[in-house]
Amino acid sequence: MSSRQALISVISPCYNAEAFVGSMLESLIAQSFDLWECVVVDDGSTDRSADIVAEFVKLDSRIRLVRAERRGPSAARNIGFMESSTETSFVTFMDADDEYEPGALADLTEAASR
């Protein structure tokens, strides 16, 4: 691996997840590995999911919100992948109701770099 550390793109489809999406994003912000971006694809939510993500976007430039018409989680993941950085070394998918332990991305990067 080069001297430049890897960038991880975390792709997260989100549909009516207002009860969970904030915790998911907080778990990313708490990571010990900080070279990540998160592309949250709001898949036509009818609740406050997109509004909650938009608040996190204001707080952390690594988080982006993409709004899409309701097409399901697979299509949302594909949209997120297309919207992710071209500088990405790794891509991982994280549902809006998931949370990572603080060292998860560091562990992922280390394991994938072996």
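1. The buried residues of α3 pack against β1 and β2, where contact means heavy atoms within 4.5 Å. The model is a predicted one, in which local features need pLDDT of at least 70, side-chain atom pairs count only at pLDDT 80 or more, and totals for chains, interfaces and linings use all residues. Residues are numbered from 1 along each chain as its sequence is written, and side-chain values use heavy atoms, with hydrogens and water left out.

2. In α3, Ala75, Ala76 and Gly80 are buried; buried stands for under 20% relative accessible area, exposed for over 50%, and partly exposed for what lies in between, with a 1.4 Å probe and protein chains only. Viewed down the axis of α3, the buried residues fall within an arc of 140°, so they line one face of the helix, the arc being that of the directions from the helix axis to the C-beta atoms. The face turned away from this buried side carries the exposed residues Ser74, Asn78 and Met82.

3. The sheet is open and built from four strands in the order β3-β2-β1-β4, with parallel pairing. Its edge strands are β3 (63-68) and β4 (90-93), each of which pairs on one side only. Neighbouring strands of this sheet are turned against each other by 20° on average, direction ignored. Helices (H or I, at least four residues) and strands (E, at least two) are DSSP runs numbered from the N terminus, and two strands pair if DSSP finds at least two bridges between them.

4. Strand β1 (residues 8-14) pairs with β2 in the parallel sense over seven bridges, and Val10 has Cys38 in β2 as its bridge partner. Helix α3 (residues 73-83) packs on the sheet, touching β1, β2, β3 and β4, and its direction makes about 140° with that of β2. Axes here are lines fitted to C-alpha atoms, for helices over the stretch in contact, and angles run from 0 to 180 degrees between N-to-C directions. Helix α4 (residues 104-112) lies across β1, β2 and β4, running at about 125° to β1.

5. In helix α1 (residues 21-29), the buried residues are Val21, Gly22, Met24, Leu25, Ser27 and Leu28, and they pack against β1, β2, α2, β3 and α4.

6. Ser45 deserves a separate look: this residue sits in the loop between β2 (36-43) and α2 (49-59), and with 16% relative accessibility Ser45 counts as buried. The side chain of Ser45 makes a polar contact of 2.6 Å with the side chain of Asp42, a polar contact being a pair of N or O atoms within 3.5 Å; within protein, one must be able to donate a hydrogen and the other to accept it, and residues adjacent in sequence count only if both atoms are side-chain atoms. The Ser45 side chain also reaches the backbone nitrogen of Asn16 at 2.8 Å.

7. Arg64, in strand β3, is partly exposed, with a relative accessible area of 28%. Its side chain reaches the backbone oxygen of Glu83 at 2.4 Å. Not counting residues up to four places away in sequence, the contacts of Arg64 include Glu37, Cys38, Val57 and Ser84.

8. Thr92, which lies in strand β4, counts as buried at 14% relative accessibility. Its side chain is joined to that of Tyr100 by a polar contact of 3.3 Å.
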